Amino acid sequence: MTQQDERRVVESVQRGLFIGGEWRAASGGAELDVIDPSTEEVLTSVADATVDDGRAALDAAVAAQASWAATAPRERGEILRAAFEKITERAEDLALLMTLEMGKPLKEAMAEITYGAEFFRWFSEEAVRIAGRWSTSPNGATRLLTMKQPVGPALMITPWNFPLAMGTRKIGPAVAAGCAMIVKPASQTPLSMLALAQILTESGLPDGVLNVVTTSHTGDVMEPLIRDPRLRKLTFTGSTPVGRKLVEQSAEGLLRVSMELGGNAPFLVFGDADLDKAVDGAMLAKMRNIGEACTAANRFIVHESVADEFSQRLAERMGALTVGRGTEDGVDVGPLIDDKQRDKVAELVQDAIDHGGRVLTGGGPTGDKGFYYSPTVLADVPSDARVFDEEIFGPVAPVTSFSTDDEALTLANDTEYGLVAYAFTTDLSRALRVSEGLETGMVGINQGVVSNPAAPFGGVKASGFGREGGAEGIEEYLETKYVGIAL
Ligand code: NAP
């Protein structure tokens with residue numbers, strides 16, 4: 001990619017707020033800078049919304065709600081399908097834009113574009129399958145009609161780590177169900193969402209159905225919306241502390257709430273595992289998105305009979321990765337999102353070393369400019385090190401060992417989080433026993449990625465509640481109404 005390509009994709013994005021089908025500047029005229037984490041330089045700036053702008057976005061969603069809910073399901077589905085086609089046609093430009101604002105290598109940005117677009121294709125097909133039920137009451141006296149209706153205006157708050165897919169996972173089912181919405185992308189990565197709003201408009205989404213608000217005054221602008229009685233749904237993907245705060249705020253209006261929060265995924269390797277598969281799976285589960293994924297393997301819990309071999313082989317693979325600017329050919333690992341994140345990763349690694357962990361590869365920041373951290377493997381990390389308790393969000397793989405299956409499960413479940421777990425074993429009954437025993441919303445058996453638009457993504461415990469994708473995904477945007485009929 002040339003510098004002209006980079007300028008062209010950045011300049012192609014509308015930088016305003018998208019409210020009621022119009023692009024407009026923030027009411028105070030302020031803008032917020034978007035930084036390229038690989039150079040630490042300003043890429044561009046976007047509108048910095050005020051509280052009044054946030055309210056205007058909700059006004060627009062409320063105004064659009066009734067006619068959108070009454071729009072034919074096929075029409076809603078066709079808009080999603082058209083948007084899926086456009087995203088696919090423009091995948092290269094969208095991937096470059098994402099790499100510039102977030103840092104992930106181009107090939108990973110392309111993978112996210114494909115994954116993100118699939119939610120539109122999946123929910124374009126779900127839009128026409130929303131159905132109810134007709135039954136007879138047990139005493140035979142009445143008939144019970146059950147129907148599904150859109151929840152109503154929804155507020156969607158998304159994180160910086162998957163700037164497109166975390167949005168399409170919410171927008172897809174909301175469009176299919178007939179909900180109008182306000183989307184608030186992360187202030188570090190607003191460009192992918194602004195580009196997506198353009199695509200949805202070109203695909204025929206009516207004015208006001210999707211509104212996008214970018215702001216650095218996030219709490220101040222979001223809280224009045226969450227407390228506004230006209231809002232009916234809050235869906236949030238982000239950190240657990242912010243999620244907890246938003247659940248409290250949403251209690252006032254008793255909103256329908258979905259929370260996709262942090263993770264601390266255990267990656268279990270049993271003594272009977274196929275180690276080639278386990279190392280391949282570990283590379284995916286750890287290094288997808290530079291380790292900045294809620295699904296990232298955070299704790300490698302490996303049977304004592306294979307722990308040394310697994311750690312050595314993982315260290316060889318991790319040490320061979322190329323770190324660099326995501327736009328360059330051959331780069332496997334881009335920068336972390338900012339200096340705060342890089343410093344946190346460095347702190348966790350130091351703490352693990354202080355607790356007796358051994359560095360097999362990596363072990364520190366790298367590069368003069370940009371927030372780079374070397375892919376790192378730490379062996380013999382005791383389970384009381386911070387790195388096992390906190391979300392690392394970086395390219396660091398700490399390994400500890402276990403001797404019995406019960407011990408492995410106890411270690412795996414010893415966390416407040418419960419998003420996903422991975423287990424590698426060739427024994428079917430062990431795989432099923434372990435799947436049942438893991439306190440997580442998702443389990444990957446002999447595979448390092450679980451994300452799939454056709455599957456219900458989500459967690460338990462402090463990883464949140466609600467599901468995105470699969471047949472369950474659209475239910476988050478539908479209410480059930482029952483009509484009793486005396487014949
Ligand atoms: P974050 O700090 O919680 O931010 C997420 C979003 O919430 C951003 O748009 C942010 O806006 C907004 N926000 C922050 N404070 C807010 C407030 N007081 N009121 C309303 N909105 C507020 O999380 P992050 O650092 O961007 O993302 C990383 C986290 O997301 C990790 O914990 C990761 O595990 C989690 N995640 C979970 C999933 C899942 O599906 N379970 C998927 C991806 C990521 P600003 O950008 O303006 O601060």
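Visitor: Which helix does Asp220 lie in?
Guide: In this predicted model, Asp220 belongs to helix H8, which covers residues 218-226.

Visitor: Is that side chain buried or exposed?
Guide: Asp220 is exposed, because its relative accessible area is 55%, and the cut-off for that class is over 50%.

Visitor: How far is Asp220 from Arg121, C-alpha to C-alpha?
Guide: The two C-alpha atoms are separated by 35 Å, and along the chain Asp220 and Arg121 are 99 residues apart.

Visitor: Switching to charge pairs, how many salt bridges does the structure hold?
Guide: There are 31 salt bridges in the structure. One of them joins the side chains of Lys170 and Glu468, with an N to O distance of 2.7 Å.

Visitor: Where do Lys170 and Glu468 sit in the fold?
Guide: Lys170 is in helix H6 (residues 165-177), while Glu468 is in the loop between strand S23 (464-465) and strand S24 (478-486), so their pairing ties together parts that lie 298 residues apart in sequence.

Visitor: And are those two buried or exposed?
Guide: Lys170 is buried, with a relative accessible area of 0%, and Glu468 is likewise buried, with a value of 5%.

Visitor: What about Arg244, which residue does it form a salt bridge with?
Guide: Arg244 forms a salt bridge with Glu416, and the closest N and O atoms of this pair are 3.0 Å apart. Arg244 is in helix H9 and Glu416 in the loop between helix H13 (405-413) and strand S19 (417-418), so this bridge connects parts that are 172 residues apart in sequence. Arg244 is partly exposed at 45% relative accessible area, and Glu416 is also partly exposed, at 40%.

Visitor: Which residue meets Arg430 in a salt bridge?
Guide: The side chain of Arg430 meets that of Asp272, at 2.5 Å from N to O. Because Arg430 lies in helix H14 (residues 428-437) and Asp272 in the loop between strand S12 (265-269) and H10, the pair ties together parts that are 158 residues apart in sequence. Arg430 counts as buried, with a relative accessible area of 18%, whereas Asp272 counts as partly exposed, at 26%.

Visitor: Which residues have a positive phi without being a glycine?
Guide: Among them are Leu254, with a phi of about 45 degrees, and Ile290, with a phi of about 60 degrees. Leu254 is placed in the loop between H9 and strand S11 (256-260), and Ile290 in the loop between helix H10 (275-287) and strand S13 (297-303).

Visitor: Buried or exposed, those two?
Guide: Leu254 is exposed, with a relative accessible area of 68%, whereas Ile290 counts as buried, at 1% relative accessibility.

Visitor: Last topic, which residues gather in a patch of negative charge?
Guide: On the surface, Glu40, Glu41, Asp339 and Asp343 gather in such a patch. Of these, Glu41 is found in strand S4 (residues 41-47) and counts as exposed, because its relative accessibility is 53%.

Notes. Residues are numbered from 1 along each chain as its sequence is written. This is a predicted model: local features need pLDDT of at least 70, side-chain atom pairs count only at pLDDT 80 or more; totals for chains, interfaces and linings use all residues. Side-chain values use heavy atoms; hydrogens and water are left out. Patches are made of residues with over 30% relative accessible area and no salt bridge: like charges are joined within 9 Å, nonpolar side chains (Val, Leu, Ile, Met, Phe, Trp, Tyr) within 5 Å. Accessible areas come from the Shrake-Rupley method with a 1.4 Å probe; for residues, only the protein chains shown count as cover. A salt bridge is a side-chain nitrogen of Lys or Arg within 4 Å of a carboxyl oxygen of Asp or Glu. Lys and Arg count as positive and Asp and Glu as negative; His and the chain ends are not counted. The place of a charge is taken as NZ of Lys, CZ of Arg, CG of Asp or CD of Glu. Helices (H or I, at least four residues) and strands (E, at least two) are DSSP runs, numbered from the N terminus. Buried means under 20% relative accessible area, exposed over 50%, partly exposed in between (1.4 Å probe, protein chains only).
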